[in-house]
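Keep the sequence and the structure in view while reading.

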Amino acid sequence: MRAKEDFASYYEKKEDWTEKIEALEQTAQQTARMDDWRLSYHLMPPVGWLNDPNGLCRFKGEYHVFYQYSPFVVEGGSKYWGHYKSRDLIHWENCPVMLYPEQAWDLHGVYSGSALVEDDVMYLYYTGNVKQPGEHDFIHSGREHNTALAVSKDGVTVDKEVLLLNNSAYPSDLTCHVRDPKVFAYDGKYYMVLGARTNTDIGQVLVWESDDKYNWKYINRLCTEKPFGFMWECPDLFELDGQWILVVSPQGIERQTYHYQNVYTCGYFPLYGDFRNKDVKLGEFRELDYGFDFYAPQTFEDGARRILIGWMGMPDAEYSNPTVARGWQHCLTFPRELVWNKEKEQLEQRPIEEREALYRNEVLYRVAGEMFVPCPTASEIVIDNHSDAFCMEYDKTFCLEWEDGCLRLLYMPESYGRTVRNLKVDHLESLQILFDSTSVEIFVNGGEAVVSARYYPNGQRALQISGVCDVRLTEFKDPCQCIDGKTLF
Ligand code: FRU
């Protein structure tokens, strides 16, 4: 690891950053009020860039969502941990940045990680990114991916930070790309999974074990029999209704018409066997989302439920977001409850029921043929389909059509590069669609499949629905109309 002095030009004092970021966020808040592309009930960066959700947890009765934040560079620069908290997952308070690139082990970015809550203490595990000077590809040489821990007693300030593992602790057949610790307690011990890329460009997950949260022993790896991509980012490992599941975001999967249509993929493997044993097997990989904008999700347990939040964005995508011109980019998905469907051996995702607190006017429509339906900026539309063809066109912006076993989301020109996404749906029974000003999340057949995307309206906020179906349209209140003071939106 290199000394801080080597990085004099990068290194700034935390106090300077805090002040600069607060000033930037305050200025942005003024213009945000006039920006009709800002979302109403989805988390987005106060200013600048956002990517992965990090450190999701419930701590002393409040939910915490940290996220990869680059307040100074709207196209994504050095990463900090931005921070929101909430009592109900609907009304959010913007908190000061939690982690800054200020240690010798994280000088070029505090990368993704997770939270473990124990005895009213929050343990935040993260990857410290350091780039060495000189000629490097930063894959095989020139990059440190350090695993570190920040401890917080109040959930808003850090009491201490420690380095746990550096590249020399990782197995020797790996590249420098080993990151994104997800930590959980199980069976009287602690476990950590880390995403990795081998020297032969194979994506894998490393499993570590600890008795005390600080000292970690490498015990196993999770991989497919045949290579599946060159890198697995943001692993998450959990048990849901008796089934162990490994969520990963693999990179380097070949695109197909109905699968893996984005530059990077995101999905899960059911695990067969004990994740600590060499003979554990990964079952069939399934995608978590079929839209343009979904990546690097993370889950956490909240009492009896497991909740997933994803990044509604895609690294290195060939499409873009015009919000960049307005000084911010990307958002997170609305929280989804995960359900394991034993019969079909698949995960189902449902938007959490807390959204009902936002319900206001509800209107029912019976469509037989063609009908125009207004689409309020923030709303939920539930469609029960009764025919063998269905089409829903969002005025001059996109079209969602189902025919011959294929559900297709087709964007019209002027969609900033977004084109078409297809998925196989033999029988379309229902659609539950969450609209926000520039995001749409489509839950198919009770959440068997999900399609998430950003959109930028080119016409009226109105839908033309064709088919035979029942439609329930519920407008959402703007959460900022019921805030208790500090909420940002
Ligand atoms: C996934 C990712 C992570 C990394 C983080 C950096 O989007 O590449 O692997 O920790 O983003 O922002």
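## Strands E9 and E10

In this predicted model, strand E9, residues 174-186, pairs with strand E10 in the antiparallel sense, over 8 bridges.

Strand E10 spans residues 189-198 and is mostly covered, with 9 of its 10 residues buried.

## Strands E10 and E11

E10 also pairs with strand E11, which covers residues 203-210. These two strands run antiparallel and are joined by 8 bridges. Methionine 192 has tryptophan 208, in E11, as its bridge partner.

E10 and E11 form a hairpin too, with 4 residues between the strands. Here aspartate 201 takes a positive phi near 60°.

How many salt bridges does the model contain? The count comes to 31. One of them joins the side chains of aspartate 236 and lysine 182, at 2.7 Å from N to O. Aspartate 236 belongs to strand E13 (residues 231-240) and lysine 182 to strand E9, so the pair links distant parts of the chain, 54 residues apart. Are these two residues buried or exposed? Both aspartate 236 and lysine 182 are buried.

## Salt bridges between loops

Aspartate 241 and lysine 342 also meet through their side chains in a salt bridge, at 3.5 Å from N to O. Aspartate 241 sits in the loop between E13 and strand E14 (243-251), while lysine 342 sits in the loop between strand E22 (336-341) and strand E23 (346-351). The pair therefore ties together parts that are 101 residues apart in sequence. Lysine 342 has a relative accessible area of 54%, so it counts as exposed, the cut-off being over 50%.

Another salt bridge is formed by glutamate 448 and lysine 344, whose closest N and O atoms are 2.5 Å apart. Because glutamate 448 lies in the loop between strand E31 (439-444) and strand E32 (449-454), and lysine 344 in the loop between E22 and E23, the pair ties together parts 104 residues apart in sequence. Glutamate 448 is partly exposed, with a relative accessible area of 31%. Lysine 344 is partly exposed as well, at 43% relative accessibility.

## A network

Which residues are linked in a network of salt bridges? They are Arg58, Asp302, Arg305 and Glu354.

Definitions and conventions. Residues are numbered from 1 along each chain as its sequence is written. This is a predicted model: local features need pLDDT of at least 70, side-chain atom pairs count only at pLDDT 80 or more; totals for chains, interfaces and linings use all residues. Side-chain values use heavy atoms; hydrogens and water are left out. Buried means under 20% relative accessible area, exposed over 50%, partly exposed in between (1.4 Å probe, protein chains only). Two strands pair if DSSP finds at least two bridges between them. A salt bridge is a side-chain nitrogen of Lys or Arg within 4 Å of a carboxyl oxygen of Asp or Glu.
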